[in-house]
Amino acid sequence: GGADVIGDLLRVVLYAAERAAARHRVDIVLVVRDAAQMGLAQRIRRGDQDERWADLSTEVRASAEELAHDCLAGNVVPFLGAGISISAGAPSWESLVADLSSAVAGQLTGEEKASLSKKNVLDQAEILKNLYDSTESFNATVAKLVNRQSYGLAPTLIANLPLEQAITLNYDELFEIASNDAGQPCAVIPGDEAPDAHRWLLKMHGNVADESTIVLTRTDYLGFDANRNVLAALVKASLVTKRLVFIGFGLGDDHFHRILHDVRQMSPESIARRALALTLSDDSLERKAWKNKITLQPMTPEGTDIAMAGRVLEIFLDYLLMLSTDSREYLLDPAYASQLTPSERRLKDIISQLHALRDDADDPSIDAAVEAIRGFGQSG
């Protein structure tokens with residue numbers, strides 16, 4: 001029954017939720033119905049930023065503000081690793097290999113298990129694959145272990161950003177599901193055509209929807225370039241023309257290293273500026289390893305507990321989404337009128353006059369102007 005005063009209700013709910021979260025020490029997620037509600041809610045949240053975002057350091061906030069500018073310009077491509085799926089219960093790469101090992105544990109001696117754990121993850125997967133009845137049964141087990149239908153905070157925060165494309169090493173479909181829920185369905189590459197898609201998602205290591213595409217073992221990696229040169233070329237193009245932001249993994253992927261090396265041969269200074277990795281905590285050795293190669297932005301100081309650092313990353317993504325939400329569809333709707341700022345009221349009057357001109361005159365210039373401000377919503 002609150003449709004006529006939805007703007008007032010949004011403000012009341014936001015402030016009540018903040019007080020309840022502080023009192024009970026819990027997080028509260030507000031799920032809104034459309035872009036107008038999202039736009040107003042995020043505009044309200046921009047007030048009192050120092051208090052609301054105290055968990056983020058000045059440096060981390062400055063990084064988010066710079067990244068939000070690039071998001072709004074359509075220049076950000078997130079590169080998603082396993083870390084964004086862990087909150088949904090999906091395994092890390094190491095955990096995945098450990099789970100695969102458990103399924104065939106009876107075929108390994110205690111000494112072999114100890115020796116296996118010391119090998120590279122790719123080689124562990126290669127050995128384990130040979131213990132399964134077939135490649136198909138191995139891939140089916142991988143798909144079953146990683147497949148999730150309910151996403152955590154990170155995928156939906158990223159999916160609601162103004163993105164045209166994204167890249168992932170994950171097999172699961174959490175980002176696709178979150179994008180669809182956000183009204184931004186993905187065209188998956190490689191995959192079937194998606195005429196209604198608003199963005200595309202490049203899945204470099206395969207998809208649970210097609211188990212035969214999964215890349216996990218050493219052999220899979222060696223065959224990767226021969227089978228997926230087109231995919232690698234898309235990543236290289238993103239590195240050259242966009243701001244590539246790595247989220248949710250530790251930059252240890254062998255294939256990523258090869259692609260980054262190839263692109264740096266073309267434009268090392270440009271890549272050092274354009275490629276940004278959001279890491280959980282500062283690491284002096286990692287900084288030395290990636291110096292002048294890509295930019296690292298740690299969320300927390302060195303030595304921070306990993307669970308706390310992961311939480312700060314999600315707060316960072318929430319802050320980034322707040323800054324990157326550019327919807328003004330609430331401006332002309334009377335249900336939001338009480339929440340408009342003085343400058344928004346003046347803008348609303350100007351737009352209303354423009355709409356009135358369109359009603360009084362058949363002028364292509366006025367029609368073009370009205371079309372250009374369609375994003376401010378409809379009155380009534």
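A disulfide is a covalent bond between the sulfur atoms of two cysteines. The rule used here asks for a pair of cysteine sulfur atoms within 2.5 Å. By that rule, the count is zero disulfides. C71 is in no disulfide, and the nearest cysteine sulfur, that of C186, is 15 Å away. C186 is likewise in no disulfide; its nearest cysteine sulfur is that of C71, 15 Å away. C71 is buried, with a relative accessible area of 2%. C186 is buried too, at 14% relative accessibility. Here buried means under 20% relative accessible area, exposed means over 50%, and partly exposed lies in between (1.4 Å probe, protein chains only).

This is a predicted model: local features need pLDDT of at least 70, side-chain atom pairs count only at pLDDT 80 or more, and totals for chains, interfaces and linings use all residues. Residues are numbered from 1 along each chain as its sequence is written, and side-chain values use heavy atoms, with hydrogens and water left out.

Next come the aromatic rings. A pair of aromatic rings is described by the distance of the centres and the angle of the planes. Rings of Phe, Tyr and Trp (its six-membered ring) pair if their centres lie within 6.5 Å; planes under 30 degrees apart count as stacked, over 60 as edge-to-face and the rest as tilted. The whole structure holds four aromatic pairs. One of them joins Y132 and F138, edge-to-face, with 5.3 Å centre to centre and 80° between the planes. Y132 is buried at a relative accessible area of 12%. F138 is buried at 0%.

Now look at helix α10, residues 174-181. Helices (H or I, at least four residues) and strands (E, at least two) are DSSP runs, numbered from the N terminus. The buried residues of α10 are L174, F175, E176, A178 and S179. They pack against β1 (76-80), α9 (153-159), β2 (165-168), β3 (186-189) and β4 (199-203). After α10 comes G183, whose phi is positive, near 80°.

Strand β5 (residues 243-247) holds R243. Is R243 buried or exposed? At 13% relative accessibility, R243 counts as buried. Contact means heavy atoms within 4.5 Å. Leaving aside neighbours within four places in sequence, R243 is in contact with E66, L67, D70, N75, V76, V77, R273, R274 and L276.

L56 sits in the loop between α3 (49-52) and α4 (58-72). L56 is buried, with a relative accessible area of 5%. L56 and F316 are 260 residues apart in sequence, and 7.0 Å apart in space, C-alpha to C-alpha. With neighbours within four places in sequence set aside, the contacts of L56 are R61, V312, I315, F316 and Y319.

S102, in helix α5, is exposed at 53% relative accessibility. S102 and A3 are 99 residues apart in sequence and 54 Å apart in space, C-alpha to C-alpha.

Last comes the empty space. Rolling a probe the size of a water molecule over the atoms shows where empty space is left. On a 1 Å grid over the protein atoms alone, a cavity is a set of points where a 1.4 Å probe fits but cannot get out, and a pocket is an open set with protein on both sides within 12 Å along at least five of seven lines; lining residues have an atom within 4 Å of a point. Grid points are joined across faces, edges and corners, and a volume is the space filled by probe spheres set on the points.

The second largest pocket has a volume of about 960 Å³. Of its 34 lining residues, G83, I86, G248, F249 and G250 are the closest to its centre. α5 (93-103), α7 (121-129), β6 (275-281) and α17 (306-324) each supply at least two residues of that lining. α17 gives the most, with five residues.

There are three cavities of 30 Å³ or more. The largest cavity holds about 110 Å³. Residues including A82, S85, W93, V146 and D172 line the largest cavity. The second largest cavity has about 50 Å³. L67, V76, P78, L161, V245, I247, L278, L317 and L320 line the second largest cavity. β1, β5 and α17 each give at least two residues to that lining.
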